[in-house]
Structure formats: C-alpha cells, structure tokens
Amino acid sequence: MQRYGKLIGASLGPGDPELITRRAWTALQSGARWLYPVKKAEESSYALSIVERGGLPVPGDAVELVFPMTRDAEILAKAWVRAAEQTVALLADGRDLVFLVEGDASTFATFGHLARVVCELAPAVEVETIPGVSSFAAAAAATGITLAEEDETFAIIPAAYGVEVIDHLLDEFDTLALLKVKPLVDEVIALLERRGLLATSVFIEKVGSPGERIVRDVASLKGEKVNYLSLMLVQNPKRVRGELRRGCRRRQEAVEVSAAA
Ligand SMILES: C[S@@+](CC[C@H](N)C(=O)[O-])C[C@H]1O[C@@H](n2cnc3c(N)ncnc32)[C@H](O)[C@@H]1O
C-alpha cells in the first residue's frame with residue numbers, strides 16, 4: 001500500500017516571527033519538506049517572509065504552490081486541483097510536508113481547502129493543523145482593543161458581505177473584525193460616519209510585520225488604496241443588548257418550576 005507523508009498546516013501568526021508557536025517552529029525544523037503559497041509563480045510569499053525574519057534559512061528543496069488571486073471560478077478550480085495534485089505527488093515520497101500559513105490555519109486560510117482536496121485525492125493522507133495567532137487577535141493587541149469582555153458579542157466577517165450586512169451586524173455585536181476590507185474601505189467609512197462610530201474604529205495593515213500601520217483616524221483613509229493585508233476593528237458602545245438567557249437554571253428555580261406545574 002502507498003505510504004504517504006503527513007500534511008502539516010503550520011500557522012505562523014500574522015507577521016511577527018515572535019508569534020510563531022513553538023509547535024510550528026518545531027515542525028519547520030523537523031525535516032519535513034516546506035510548501036508555501038504564492039499568488040503568482042516565483043513571486044514573494046508573505047508566509048515565507050515571516051519565517052525568514054525569524055532567522056530560519058529556507059531549505060533548498062522548499063516548494064511553492066500557486067494560488068492566484070482571482071474571482072474567475074474556472075482559473076481558481078484549475079489552480080486548486082493543480083496545487084492538490086502537486087501536494088499528493090510530494091506526499092507520495094513518504095516525507096512529511098509542512099505548509100506555511102499566514103495567521104491561523106483554520107481562519108480564512110488556504111490550508112483547510114487544500115487539505116480537503118488532498119484527502120479527496122488520497123484518503124490515506126494524515127493531516128495535522130497547528131493553530132496560531134490570527135490577524136485580528138494580533139491587531140487587537142497592537143491597538144489595545146479588547147475584542148470581547150464578559151457578555152459582549154464579537155463577530156469576524158469578510159467585509160465583502162457589504163455595508164448593509166455590516167450595518168445590521170453592528171446592532172447585534174459589540175465588536176466586529178472586518179477582514180478583507182480593502183475594496184470596501186470608503187463604503188465602510190461612510191457607514192461608520194453615519195452611525196457615529198469613527199472614534200471607536202481602527203484600521204490595521206500588515207500587523208506585526210515591518211510594514212505595520214495603525215490608523216485611528218479611519219476617515220483619513222478615504223480614497224486611499226490600502227494593502228490586501230488589512231482589517232478594521234469596529235466597536236459599537238451604543239449597542240442595546242438583549243437579556244442573557246441561561247441554559248441551566250439554578251436548582252432552586254428548577255424545583256419552584258416543577259412544583260408550580
Ligand atoms: C485570507 S485571510 C487570512 C486570515 C489569516 N489566516 C488569519 O488568521 O488572520 C486574509 C485577510 O486577513 C487579514 N489579514 C491577514 N494578515 C493580516 C495582517 N498581517 N495584518 C492585517 N490584516 C491581516 C486581512 O483582512 C486579509 O484580507
């Protein structure tokens with residue numbers, strides 16, 4: 001029977017190599033072959049740059065996988081199949097593969113989809129996911145924002161759902177992390193202006209990397225073309241909260257209810 005190497009998704013955090021977990025660091029140095037994502041062939045890889053800044057030399061046999069940034073479903077589907085087939089062919093050598101993931105591997109990451117397609121092609125492949133620091137957790141820490149306290153609510157969404165959805169979610173959640181905000185910055189600013197939430201919003205680009213930028217005067221970004229690696233944290237201190245309902249009644253309450261029935 002074919003013996004495959006293990007496919008390991010190593011979360012590297014959003015940019016600061018100090019945020020690479022010990023487990024990911026160990027996997028990188030385990031002798032497993034490195035795989036890293038790029039948008040175009042021979043283009044630089046943000047995930048790889050995090051490890052390089054951490055001081056690990058890139059092994060000569062590291063392999064790049066191309067995941068184009070396009071909405072063209074046909075091009076995307078072909079690229080995914082190609083990447084998965086390439087991964088299965090490498091795993092068939094019996095050597096483990098460590099796939100470098102920017103941020104956390106379970107949060108809007110290429111790794112989940114890649115692992116699924118690989119397992120469809122080769123069900124015997126074992127997958128390990130090493131969790132890591134997400135971009136929004138690092139952004140909260142860098143800006144001194146608390147994402148949620150006590151009974152507060154917190155949601156993470158791709159901004160691409162549009163301002164109508166964000167407007168609605170602002171009534172449901174105390175804090176929103178708006179990822180992939182690049183194409184909607186102006187529309188989001190207009191919404192925040194309208195809702196009076198500019199003062200409690202912050203924009204963060206390339207958190208943890210040498211290019212990190214924190215913009216608290218979010219309105220100043222109007223008309224600017226921002227980097228893809230950027231997000232907004234929006235807090236709505238005016239939100240009216242509903243009552244908390246508890247799943248478990250205290251014993252005395254339960255006795256009273258059953259006695260009344
Ligand atoms: C494909 S998702 C990757 C998310 C990543 N796996 C994580 O755990 O945060 C890409 C989006 O995540 C956010 N992002 C990722 N890295 C970032 C960084 N270093 N600084 C700011 N935002 C980042 C941006 O909103 C970007 O458009």
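These notebook entries record what I looked up in a predicted model.

**Entry 1: domains**

I began with the division of the protein, which gives domain 1 (7–130) and domain 2 (135–235). I then looked up the separation of their C-alpha centres and found 27 Å. For the contact, I noted 8 residues from domain 1 and 9 residues from domain 2. On the side of domain 1 that touches domain 2, I recorded 4 nonpolar residues, 3 polar and 1 charged.

**Entry 2: the open sheet**

I next followed an open sheet of 5 strands, whose order is E3-E2-E4-E1-E5 with parallel pairing. Which strands stand at the edges? I found strand E3 (63–66) and strand E5 (127–130) there; each has a single partner strand, so one side of each is left without a neighbour in the sheet. Neighbouring strands of this sheet are turned by 25° against each other on average, with direction ignored.

I looked at one strand pair in detail. Strand E2 (residues 33–38) is joined to E3 by 4 bridges, and the two run parallel. In this pair I found Val38 opposite Val66 of E3.

**Entry 3: helices on the sheet**

I recorded that helix H2 (residues 46–53) packs on the sheet, where it touches E2 and strand E4 (97–101). The direction of H2 makes about 100° with that of E4. Helix H3 (residues 73–91) lies across strand E1 (7–11), E2, E3 and E4. I noted that H3 runs at about 155° to E3.

**Entry 4: Ile8**

Is Ile8 buried or exposed? I found 26 C-beta neighbours inside 10 Å, so Ile8 counts as buried; the cut-off for a buried residue is 20 or more. I then listed its contacts, leaving aside neighbours within four places in sequence: Ala27, Ala32, Asp96, Leu97, Val98, Phe99, Glu128 and Ile130. I also looked up the pair Ile8 and Phe111, which are 103 residues apart in sequence but 9.2 Å apart in space, C-alpha to C-alpha.

**Entry 5: two positive phi angles**

I kept in mind that most residues other than glycine have a negative phi. Against that background I noted Glu42, which has a positive phi of about 60° although it is not a glycine. I located Glu42 in the loop between E2 and H2. Glu42 counts as exposed because it has 7 C-beta neighbours inside 10 Å, and the cut-off for exposed is 12 or fewer.

Lys206 also has a positive phi, of about 45°, and is not a glycine. I found Lys206 in the loop between strand E8 (201–205) and strand E9 (213–215). How many C-beta neighbours does Lys206 have inside 10 Å? I recorded 17, so Lys206 counts as partly exposed.

**Entry 6: a helix pair**

Two packed helices are described by the angle between their axes and the distance between the axes. I looked up both values for helix H6 (residues 163–172) and helix H7 (residues 185–195): the angle is about 35° and the axes are 10 Å apart. H6 passes H7 in a right-handed crossing.

Which residues of H6 and H7 meet? On the H6 side I listed Val163, Ile166, Asp167 and Leu170, and on the H7 side Glu187, Val188, Leu191 and Arg195. I recorded the residues of this contact as 5 nonpolar, no polar and 3 charged.

Note on methods:
Residues numbered from 1 in each chain as written. Predicted model: local features only at pLDDT ≥ 70, side-chain atom pairs only at ≥ 80, totals over all residues. Pairing = 2+ DSSP bridges. Axes fitted to C-alpha atoms, helices over the stretch in contact; angles between N-to-C directions. Contact = placed C-beta atoms within 7 Å. Domains from an automatic or database assignment. Nonpolar A, V, L, I, M, F, W, Y, C, P; charged D, E, K, R; others polar. Left-handed = near helix turned anticlockwise from the far one by under 90°.
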